Amino acid sequence: MGLFKRNPFGHILFIKKWLIRIFGVLTHRRYRGFNELQIEGSEIITSLPDKNVLFISNHQTYFADVVAMFHVFNASLSGRVDSIKNVGYLWQPKMNIYYVAASETMKAGLLPRILAYVGAITVERTWRSGGKDVKEKREVNPNDTENIKIALDDGWVITFPQGTTKSFKPVRKGTAHIIKQHKPIVVPIVIDGFRRAFDKKGLRVKKKNILQSFIIKEPLEIDYDNESIEEIVEKIEYAIEQHPSFLKVIPAEEIEEQERLNRLRQWQM
């Protein structure tokens with residue numbers, strides 16, 4: 001790699017590599033130390049092509065979710081099976097991983113600006129501004145969709161199709177349009193435990209000894225030409241387990257708490 005070689009967005013790869021290494025080392029204990037990241041499906045990562053892959057996921061914090069994905073993807077590509085043991089996998093990280101993030105989030109301070117250099121594709125949210133929903137939606141910036149196309153042509157892209165860290169919010173149709181237009185391999189990821197372990201930004205550890213789950217699912221089967229935007233949106237909602245029907249399912253935490261109370265009752269009888 002030349003010292004000043006750049007990616008399609010003008011970022012110097014030498015600097016990007018060292019940022020990934022440094023932040024990887026600094027954050028590793030957040031997923032294997034303070035808390036434990038339980039991974040499933042890492043073998044799927046190793047079977048993917050080098051580019052035109054779109055990862056879709058539910059969203060729980062601004063940054064911790066993405067950082068975990070950088071760890072899991074690079075660990076999997078280095079031969080680790082459902083594990084991020086030994087952070088040495090970041091010495092030669094995959095350099096063409098990008099993630100979609102709101103412009104206002106990535107401009108809010110020095111640290112987000114540095115993290116943006118690692119691979120952020122910043123977009124202007126048309127439905128939200130300053131942390132609040134807006135009544136009059138703005139026009140989509142064509143540069144935003146063009147940048148996502150550039151990133152897919154170069155490598156892997158991570159996106160959170162709900163566009164918010166709140167659970168069970170609607171999936172934005174923009175993701176479905178990107179899928180129909182660019183026909184990427186779409187890999188769903190379902191995460192949990194991040195909201196309990198970190199603050200909303202995902203920069204500060206809020207609670208320790210939290211089991212975080214990270215499930216990588218098989219790529220979606222999509223008829224890019226014939227499926228409608230609405231059908232793809234619904235398929236995404238089911239894949240990342242954010243369809244309204246999942247609200248009817250009793251959370252695992254509630255089941256565990258009920259079992260714990262039942263055991264206490266048995267001892268007290």
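**Figure 1. Crossing of helices α1 and α5 in the predicted model.** In this predicted model, helix α1 passes helix α5 in a left-handed crossing. The contact is made by Ile15, Lys16, Leu19, Ile20 and Phe23 on the α1 side, and by Leu111, Ile114, Leu115, Tyr117, Val118 and Gly119 on the α5 side. The axes of α1 and α5 are 8 Å apart, and the two helices pack at an angle of about 120 degrees.

Figure 2. Helix α5 comprises residues 110-119, and its buried residues are Pro112, Leu115, Ala116, Val118 and Gly119. Seen down the axis of α5, these buried residues fall within an arc of 145 degrees, so they line one face of the helix. In an α-helix there are 3.6 residues a turn, so residues three or four places apart point the same way. On the other side of α5, Leu110 and Arg113 are exposed. The buried residues of α5 pack against several elements: the helices α1 (13-31), α3 (64-77) and α4 (103-106), and the strands β3 (97-102) and β4 (120-123).

Figure 3. Side chains of opposite charge can pair when their charged atoms come close. Here the side chains of lysine 94 and aspartate 50 meet in a salt bridge, with an N to O distance of 2.6 Å. Lysine 94 lies in the loop between α3 and β3, whereas aspartate 50 lies in the loop between α2 (42-46) and β2 (53-57), so the pair ties together parts that are 44 residues apart in sequence. Lysine 94 counts as buried because its relative accessibility is 10%, and the cut-off for a buried residue is under 20%.

Figure 4. The model has a count of 8 salt bridges, and two of them are presented here. One joins the side chains of arginine 32 and glutamate 36, at 3.6 Å from N to O. Arginine 32 is partly exposed, at 33% relative accessibility, and glutamate 36 is also partly exposed, at 36%. The other links lysine 149 with aspartate 153, whose closest N and O atoms are 2.9 Å apart. Lysine 149 and aspartate 153 are 4 residues apart in helix α6 (residues 142-154), and they are therefore separated by about one helical turn. Both count as partly exposed, with a relative accessibility of 31% for lysine 149 and 42% for aspartate 153.

**Figure 5. Packing of helix α7 with helix α9.** The axes of α7 (residues 173-182) and α9 (residues 229-239) come within 9 Å and cross at roughly 110 degrees. That angle makes α7 roughly perpendicular to α9. From α7, the contact involves Lys173, Thr175, Ala176, His177, Ile179 and Lys180; from α9, it involves Ile229, Glu230, Ile232, Val233 and Ile236.

**Figure 6. The surroundings of lysine 206.** Lysine 206 is located in the loop between α8 (194-197) and β9 (211-216). With a relative accessibility of 47%, lysine 206 counts as partly exposed. Leaving aside residues up to four places away in sequence, lysine 206 touches Arg195, Arg196, Ala197, Phe198 and Asp199. Lysine 206 and phenylalanine 194 are 12 residues apart in sequence, and their C-alpha atoms are 9.7 Å apart in space.

Conventions. Residues numbered from 1 in each chain as written. Predicted model: local features only at pLDDT ≥ 70, side-chain atom pairs only at ≥ 80, totals over all residues. Heavy atoms only, no water. Buried < 20%, exposed > 50% of the residue type's maximum accessible area, 1.4 Å probe, protein only. Arc of directions from axis to C-beta. Contact = heavy atoms within 4.5 Å. Salt bridge = Lys/Arg side-chain N within 4 Å of Asp/Glu carboxyl O. Axes fitted to C-alpha atoms, helices over the stretch in contact; angles between N-to-C directions. Left-handed = near helix turned anticlockwise from the far one by under 90°. Parallel < 35°, antiparallel > 145°, perpendicular 65-115°, else oblique.
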